[in-house]
Amino acid sequence: MAENTPAGSTTDGAITVGQPVAQPTDARVGPAASYDVADFPVPTGREEEWRFTPLERLRGLHDGTAEATGTPRTEVTAPEGVTVETVDRDDPRLGRAGKPVDRVAAQAYSSFEKASVVTVAKDTVLAEPIRIAVHGEGGTFYGHQVVEVGAFSEAVVVLDHTGDAVAAANVEYLIGDGAKLTVVSVQDWDGTAVHVAQHTALVGRDARFKSVVVTFGGDLVRLHPRVVYGGPGGEAELFGLYFTDQGQHQEHRLFIDHDTPHCRSNVAYKGALQGQGAHAVWIGDVLIRAAAEGTDTYELNRNLVLTDGARVDSVPNLEIETGEIVGAGHASATGRFEDEQLFYLQSRGIPADEARRLVVRGFFGELVQQIGLPDLEERLMAKIDTELKASV
């Protein structure tokens with residue numbers, strides 16, 4: 001596959017409520033960010049941010065007709081040193097990472113009744129991951145999740161989605177100064193589920209944030225990971241893998257707002273597609289503002305098409321407003337199996353079907369290893385093998 005590569009204020013590491021950081025603004029033309037759903041017109045599909053999304057499959061999440069009719073079963077498993085709370089809408093910790101940037105996210109923010117807040121105290125290093133399991137049991141629900149990691153703490157969070165539901169949610173990650181947070185978000189829904197979510201990370205001074213997004217299930221999944229920096233020295237790594245099957249629509253729209261000097265970001269997403277009507281969309285937007293001197297950023301998207309009838313839309317965007325940067329670039333590649341790889345494996349006695357499986361496993365392997373949790377890595381590789389049996 002060929003590639004084309006062109007060139008706040010804090011208190012104990014948390015953003016102070018009375019002094020919010022500037023909200024990210026997309027390089028694309030679009031409505032301003034807002035908590036109020038009335039500030040967003042109902043999308044028609046002609047807008048840049050909606051042109052790839054089949055609106056009729058959103059089950060009314062985009063136009064206000066989807067009433068909350070269900071409640072997911074949510075279980076949180078957390079080690080010592082973690083506080084888990086269910087709070088009302090007026091809790092001051094909600095909305096601090098950033099505002100909703102499209103109508104569905106604003107609808108979710110306007111419609112949830114209770115929010116979950118998971119807090120890791122400052123100077124705490126967790127030996128075990130925090131696991132948040134969300135299992136849909138039918139119906140429509142709106143959710144809000146906050147994960148706050150105090151200054152100089154280290155934590156791993158697994159956000160695991162299963163079952164069936166029509167879901168819209170906002171997830172906020174507040175990473176304190178000098179803290180390290182790894183989040184693994186797994187979308188392993190049943191085949192009829194719809195899931196639309198905005199994930200917003202506010203990365204403090206000298207903090208590190210790593211996100212691994214894994215999408216397999218669902219009829220339609222549209223995720224909007226976003227990163228904004230609360231102080232210099234912040235680092236963000238966004239990894240993702242998706243396996244889009246027959247008839248599925250999986251859309252990942254990333255935005256990284258470099259508005260702070262001397263911060264770093266690295267993005268790598270990979271997808272495989274098979275079956276008639278399989279549609280994957282990857283949008284990677286990086287904005288380097290004039291004030292963000294010393295920025296170092298790179299984004300990569302690769303897609304492997306396994307069968308006829310599948311479609312990929314991959315759009316990397318990079319906007320630079322200052323020449324005083326360390327580096328910036330992006331790459332996108334989409335293709336089929338390389339005959340040379342298959343020939344090499346078959347020439348060593350490996351059957352054709354097994355050779356194709358090995359190629360796909362190797363394609364995803366480096367991203368799966370970013371998770372760092374053996375049980376979850378094994379589960380995901382087993383899921384990839386199951387998907388492959390349908391096509392190779």
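This is a predicted model: local features need pLDDT of at least 70, side-chain atom pairs count only at pLDDT 80 or more; totals for chains, interfaces and linings use all residues.
1. Overall form. The protein has four helices and 18 strands. Its radius of gyration is 20 Å, close to the 21 Å that the globule rule gives for 392 residues, so the protein is as compact as a globular protein of that length. Taken along the principal axes, the C-alpha atoms fill a box of roughly 65 × 50 × 45 Å, and buried residues make up 58% of the 392 residues.

2. Strand β6 and its surroundings. Strand β6, which covers residues 130–149, has 14 buried residues out of 20, so this strand is largely enclosed by the rest of the structure. A reader tracing the sheet may begin with strand β3 (residues 73–77), which pairs with β6 in the antiparallel sense over five bridges; within that pairing, Val76 has Ile132 of β6 as its bridge partner.

3. The parallel neighbours of β6. Strand β5 (residues 115–120) runs parallel to β6 and is joined to it by five bridges, with Thr119 standing opposite Glu148 in β6. Strand β7 (residues 154–175) also pairs with β6 in the parallel sense, here over 18 bridges, and in this pairing Glu137 stands opposite Asp164 of β7.

4. Side chains of opposite charge can pair when their charged atoms come close.

5. Arg208 and Glu235. These two residues form a salt bridge in which the closest N and O atoms are 3.7 Å apart. Arg208 belongs to strand β10 (residues 208–215) and Glu235 to strand β12 (residues 235–244), so the pair ties together parts that are 27 residues apart in sequence. Arg208 counts as partly exposed, at 39% relative accessibility, and Glu235 is likewise partly exposed, with a relative accessible area of 28%.

6. Glu366 and Lys270. The salt bridge between Glu366 and Lys270 has its closest N and O atoms 2.4 Å apart. This pair links distant parts of the chain, since Glu366 lies in helix α3 (residues 352–368) and Lys270 in strand β14 (residues 264–273), 96 residues apart.

7. The side chains of Asp308 and Arg336 meet in a salt bridge with an N to O distance of 2.9 Å. Both residues lie in loops, Asp308 between β16 (296–305) and β17 (311–320) and Arg336 between β18 (327–335) and α2 (339–346), and the pair links distant parts of the chain, 28 residues apart. Asp308 counts as exposed, at 59% relative accessibility, while Arg336 counts as partly exposed, at 44%. Elsewhere, salt bridges that share partners join Asp102, Arg222, Glu251 and Arg253 into one network.

8. The largest cavity. This cavity has a volume of about 80 Å³. Among the residues that line the largest cavity are Tyr173, His199, Phe209, Arg226 and Leu238. The elements that give two or more residues to its lining are β8 (180–187), β9 (194–203), β10 and β11 (220–229). By class, the lining has eight nonpolar, three polar and one charged residues.

9. The second largest cavity. About 60 Å³ of space lies in this cavity, and its lining includes Asp102, Val104, Ala169, Gln198, Arg222 and His224. The elements that give two or more residues to the lining are α1 (103–111), β9 and β11. By class, this lining has six nonpolar, two polar and two charged residues.

Key:
Residues are numbered from 1 along each chain as its sequence is written. Side-chain values use heavy atoms; hydrogens and water are left out. A salt bridge is a side-chain nitrogen of Lys or Arg within 4 Å of a carboxyl oxygen of Asp or Glu. Buried means under 20% relative accessible area, exposed over 50%, partly exposed in between (1.4 Å probe, protein chains only). Two strands pair if DSSP finds at least two bridges between them. On a 1 Å grid over the protein atoms alone, a cavity is a set of points where a 1.4 Å probe fits but cannot get out, and a pocket is an open set with protein on both sides within 12 Å along at least five of seven lines; lining residues have an atom within 4 Å of a point. Grid points are joined across faces, edges and corners, and a volume is the space filled by probe spheres set on the points. Ala, Val, Leu, Ile, Met, Phe, Trp, Tyr, Cys and Pro count as nonpolar, Asp, Glu, Lys and Arg as charged, and the others, Gly among them, as polar. The radius of gyration is taken over C-alpha atoms; the globule rule is 2.2 Å times the number of residues to the power 0.38.
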